[in-house]
Amino acid sequence: MYVKQLLRRCNEILSPKGQVMKRTALYEEHIKANARMVDFAGWEMPVQYTSLMDEHKNVRKHVGLFDVSHMGEVFVRGEKALETLQYLTTNDVSVLNEGQAQYSLLPNHEGGLVDDIIVYCIKKNAEYLVCVNASNADKDFAWMQKHNKGAHIENESGIWSQIAIQGPAAIDLAAKVLGDEVRSIAGFHFKFINYKGSKVIVAATGYTGEKGFEVFVKNDFVAVLWQDLIAKGKNENVMPIGLGARDTLRTEMKYSLYGNEIDDTTNPIEAGLGWVVKLTKGDFIGKEPMQKMKEQGVQRKLVGFKMLDKGIPRHGYKLFSLNNEPIGVVTSGTMSPSLDEPIGIGYLRESVSSIGSQFYVEIRNRMVKAEVVKTPFLMRS
Amino acid sequence: MKYNIPEDYYYTKDHEWAQVDENIVTVGITDYAQGNLGEVVYVELPEEGQKVSQNEPFGVVESVKAVSDLYSPVTGTVIEVNSSIVDNPGQINDDPMEEGWLIRIEMDTERELANLMKAADYKVLVGKGK
């Protein structure tokens, strides 16, 4: 325990304003690559290396590397691991076999969301890895411990780094560096692979809509793996990708971002995440309120929309009906680098949320017309 | 990082530039500002004939990620708007100090120029990374 705390400590530095900022083990690589660094959830992270547009398009066309070491890794082990996770999460963990992963949610007692997560089954009934958001890592760990049903829960975020390899050329690049074995990893499956004497977890998951992997690797090996991927990825046109493009890539897929689309007060049904709420699996936190929501229906719905007149929707902008009633709010909005037009995600009153419905986005005191569209905004294989 | 900061321009602390020709002031955003914003994808500018005031917002520029207000370096009347910028906002990144100009203002009083920064002072400001 002491060693882990010490390791953590070494990754922390003081920001110019005096607060403690954490650095990933890839910090030096970002500085060498001239990245612009920003504070993200207390971490000093690269927001952009060259240009957000170029980075975004490179992931859609070729392949990109993301340092996502700030994400948290919580291990749930022991005889009561499955029982504990079944109670803590909304998806059915019992269907997972060794080497399989699932998207899931950590609900609170009111049916709101503590976090959205991915659960990886390392050993059925005995060992699971839960990958959590950086901004929620400490909160999640405390929550999981508080509602533990007898498992050994450990926060190993301090010793794990994570690289995401995403894009049409991601599998070829990963195969070159990690071996052809990775080619056989199906979506939402993972394998332990030996990399230069270290065991890494290669998972076919991501946050871009592209093919690719998220690789869990110990801090000591992550810089070597990163350099290896960059060096061997020349033919694949590999690029390091900042958090800026990470956000526009996920927005194009209408993937939720905790703090924008979902938080402690949003319920998964209105957020369109009802598919990971398995009411038949037995008791879990927040089950009753979620059952009610499913039965009674929801007041508002998360939709994707495009602008019919000029303007870019942004987080927090208000939505109005065509007769100027307030009917919702924008959760995320951006100029889509792939489509070269503004796109938005937001909560709309349920009765006016069908595809083709028109409404106004209030942009700097102007009412700008928009229309609900099918999502994802972009179809990817 | 080297920025293009012409000697004969005036600057605001909000990173607009003003180029003065008698009582006509051409306004844009600085090289430093465009570099920090990233690709400009949307610009909102006032109409010709509109009044603007020193240090007051007159429009916005938006990058993929961020919205930034534009502040007028002087008080006066907008006499010309760079309409090609509205159709092609990327021009602000390509040539912020010349072709990427935003509006021309007929200023009310030259005295306000004393409130603006000279190139030497602006270099100090961006040198500190503000």
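User: What stands opposite Val63(A) in strand 15 of chain A?
Analyst: Val63(A) stands opposite Val238(A) there. Keep in mind that this is a predicted model.

User: How do strand 5 and strand 15 of chain A pair, parallel or antiparallel?
Analyst: Parallel, over three bridges. Strand 5 covers residues 63-67. Gly64(A) takes part too, with Met239(A) as its bridge partner in strand 15 of chain A.

User: And how many bridges join strand 5 to strand 11 of chain A?
Analyst: Four, and those two strands run antiparallel. Here Gly64(A) stands opposite Gln166(A).

User: What holds strands together in general?
Analyst: Strands of a sheet pair through backbone hydrogen bonds.

User: What is the strand order in the sheet?
Analyst: The order is 12-13-14-11-5-15 in chain A. The sheet is open, has six strands and shows mixed pairing. Its edge strands are strand 12 (190-195) and strand 15 (238-240), each pairing on one side only. From one strand to the next, the twist averages 25 degrees.

User: Why is strand 5 of chain A largely enclosed?
Analyst: Five of its five residues are buried, so the rest of the structure largely encloses strand 5 of chain A. Val63(A), Leu65(A) and Asp67(A) lie on one side, with Gly64(A) and Phe66(A) on the other.

User: Which helix lies across strand 5 of chain A?
Analyst: Helix 3 (residues 52-61) of chain A. Helix 3 also lies across strand 11 (160-166) and strand 15, and runs at about 120 degrees to strand 5.

User: New topic. How many residues of chain B are in contact with chain A?
Analyst: Eight, and they contact 11 residues of chain A. That side of chain B has four nonpolar, one polar and three charged residues.

Technical notes. Residues are numbered from 1 along each chain as its sequence is written. Chains are lettered from A and ligands numbered from 1 in the order in which they are written. This is a predicted model: local features need pLDDT of at least 70, side-chain atom pairs count only at pLDDT 80 or more; totals for chains, interfaces and linings use all residues. Two residues are in contact if their C-beta atoms, placed from the backbone, lie within 7 Å. Ala, Val, Leu, Ile, Met, Phe, Trp, Tyr, Cys and Pro count as nonpolar, Asp, Glu, Lys and Arg as charged, and the others, Gly among them, as polar. Two strands pair if DSSP finds at least two bridges between them. Axes are lines fitted to C-alpha atoms, for helices over the stretch in contact, and angles run from 0 to 180 degrees between N-to-C directions. A residue is buried if 20 or more other C-beta atoms lie within 10 Å of its own, exposed if 12 or fewer, and partly exposed in between; C-beta atoms are placed from the backbone.
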